[in-house]
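Here is a short note for a colleague opening this structure for the first time. Please read the numbered points with the model at hand.

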Amino acid sequence: MAGNLRPRSTHSNSITSNTTKQQQPATLAKRLLFPHLSPGSDLPPLFASPTCSPELNAEAYDFLALALRAFVNTWWTKITRYDKELLPEITIVITTVLRTLETRLLSTDFSLFMFSVVPALITQHYRDYRHAASKASTSYAMGGAIPLPHLFHQLQPHVAISSEGKIDEEYFRQAFDHVLRSCLPPQNYTPEAERYIVREIVLKVLVKDVLPRVTQPWFIQRTILDLLGPSLDTESDKPPNVSPPSHTHHAHFSFHSLLVFFLSAVQSISGMGLALVQTYKQTLSTIKLVNHSTRPTVNQRRTSEPWRKTRPAPISPMRNARSISPPLSSYASAASSTLSMHADLPQPNPQRSSSHYAREPLTMISELFTMHERFATSAVMHTLCMICAATTPLMDRLLTHLLYTRILCASSILFVLRLFKHTLFPNGYPGPPPIDPTPEEQIIIHQQLVRRLREQVPAFLAPVLLGSSPEHTVEEMIRPLGDAACNAHLAVFIMDALLLSIFPEMGVEGSTGNADVDVAERLDDDGIQDWAPRLSRTSTSAMTL
């Protein structure tokens, strides 16, 4: 009897689960992007990686549905209220672009970009800003007639930005068009309607909304404040819990006080010992993990990930029924052609066993805090540079390990995606535009940041690391980020470096081939070695679109 009843219970449980699944309300992504899917069916995977978590897939689809409903469906329903094909068609285009970008991103080593290129750009931004500020009231600026952004633009000219800090939309429009041409199959790139819609949406969000805002000084300062966390002033501002003075004074040193002092000392020593043991164990485990788990090379990832060429992009039943799109093999052929194009990229020089990833971050820190102007901080920085130079292979592996396990990981991507969704669509729709702080509020934000940065350095180390005037040193660190027009140059250069890291062929003149992006060592006027990103001799110094 038990053997006969067990299959029935299993069958009844499966029927119950299927019925419950079908009774669940359809999500916004299923209703807008896949209207012909059955209520009980799951959404097709948005990313090509089989290891992508369902939670990330659901959040990405939800964010895409909210964006298309806010920026496309609002004007499309005014044209026609009955045509439901546009949003699924745009979803297919975006899915194909995302999957090809995913292939490119997984094939790109971002260690060079994060630890060499970006710190070099920030270091050069600080140096050029300080050079321009030193000329602002001299004859170089015609006695102050030429504003600071114009002087800075002369030191960092760029075709995509004017001297007033205005970004040229056509530059990024052509750049995004090249991205779409590299990511889309020819049959999807040729029609202009969907391609223009996707391109203009990305252009509007990035160039008109994101970049002008993130380059504002108050936005950068408030972001640094949020990263530093809450201030300790809330606790220090509370009135201390002062007990009423005791009228009984012990004139002699009692045995009880000696016992309490002895036990407190034992507790402190034991706690310190436990902390040292835990730190030692954690350091050993991290070193073992770093030495035994190396990130696979680009060729190893390509040979071990055949799913990139086999998994097609999701096609809606409406699209299949009307024979609008080519067969599924076209997406696989487009992905394989992109992979073959990327496989021809010149590999880094194998003779370079180490990349000295710690050098540029240390140079950036030295430039930010003007450490080269003080003997004590200069000695500390030179000592750190010698230690990092002696342990270069270990530091390179450690920084790469931390990058891909703490920053560029699935949990961080999911957190950023949720943050963007709740920020841009707080109630499911675009919220009201945030109000910029008033000049008085910006001054308060600046003062709070100076105080918080000053608090990060212990009081006994502040005279050594920050000099005789710590507040002045912190002010000098914040000042180069205090002009929106100058910050726009830095944002554009970082965008160029990111695009060249993912699409190296964009840096080659007159060819859709490849550019060997290298980081070369050069000597500045002040005699300090500095690394700056530049292209190889066979390529040009700007992106050719």
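1. Glu367 is buried, with a relative accessible area of 6%. Buried here means under 20% relative accessible area, exposed means over 50%, and partly exposed lies in between, with a 1.4 Å probe and protein chains only. Glu367 belongs to helix α18. Beyond residues up to four places away in sequence, Glu367 touches Thr123, Tyr126, Arg127, Arg130 and His372. Contact means heavy atoms within 4.5 Å.

2. A word on the source. This is a predicted model, in which local features need pLDDT of at least 70 and side-chain atom pairs count only at pLDDT 80 or more, while totals for chains, interfaces and linings use all residues. Residues are numbered from 1 along each chain as its sequence is written, and side-chain values use heavy atoms, with hydrogens and water left out.

3. Now the overall picture. The protein chain has 25 helices and two strands. Both are DSSP runs numbered from the N terminus: helices are H or I with at least four residues, strands are E with at least two. Of the 545 residues in the protein chain, 39% are buried. Take the contacts between residues at least 6 apart in sequence: 73% of them join residues at least 24 apart.

4. Helix α19 covers residues 375-390. Its 16 residues should span 22 Å at 1.5 Å a residue, and the end C-alpha atoms are 22 Å apart, which agrees. The expected span is 1.5 Å times one less than the number of residues. Which residues of α19 are buried? They are Thr377, Ser378, Met381 and Cys388. The arc is taken from the directions that run from the helix axis to the C-beta atoms.

5. The face turned away from the buried side carries the exposed residues Phe375, His382, Met386 and Ala390. The cover over the buried residues of α19 includes α18, α20 (392-407) and α23.

6. Helix α24 (residues 470-478) has its own buried set: Pro470, Thr473, Val474, Met477 and Ile478. They cover an arc of only 135 degrees around the axis, which puts them on the same side of α24. The buried residues of α24 pack against α6 (111-134), α11 (217-228), α18 (359-368), α22 and α23 (462-465).

7. Gln442 sits in helix α22 (residues 439-456). Is Gln442 buried or partly exposed? Gln442 is partly exposed, at a relative accessible area of 30%. Leaving aside neighbours within four places in sequence, Gln442 is in contact with Trp218, Gln221 and Pro437. Gln442 and Pro217 are 225 residues apart in sequence, yet their C-alpha atoms are 8.7 Å apart in space.

8. On cysteines: a disulfide is a covalent bond between the sulfur atoms of two cysteines. How many disulfides does a search of the whole structure find? It finds zero. The test is a pair of cysteine sulfur atoms within 2.5 Å. For Cys385, the closest cysteine sulfur is in Cys388, at 6.7 Å, too far for a bond. Cys385 is partly exposed, with a relative accessible area of 34%. Cys183 is buried, at 1%.

9. Nine aromatic pairs turn up in a search of the whole structure. In one of them, Tyr171 and Phe172 have ring centres 5.3 Å apart and planes at 85 degrees, so the pair is edge-to-face. Rings of Phe, Tyr and Trp (its six-membered ring) pair if their centres lie within 6.5 Å; planes under 30 degrees apart count as stacked, over 60 as edge-to-face and the rest as tilted. Tyr171 counts as buried at 9% relative accessibility, and Phe172 at 0%.

10. Phe172 also pairs with Phe176: the ring centres are 6.1 Å apart and the planes at 40 degrees, so the pair is tilted. Both residues are buried. Phe172 and Phe176 are four residues apart in helix α8 (residues 169-183), so about one helical turn separates them. Elsewhere, ring pairs link Phe63, Phe71 and Phe425 into a cluster.

11. Last, charges over rings. Arg69 lies over the face of Tyr429, 4.0 Å from the ring centre. The charged end of Lys135 sits over the ring of Tyr140, at 5.3 Å from its centre. The criterion is NZ of Lys or CZ of Arg within 6 Å of the ring centre and within 35 degrees of the ring normal.
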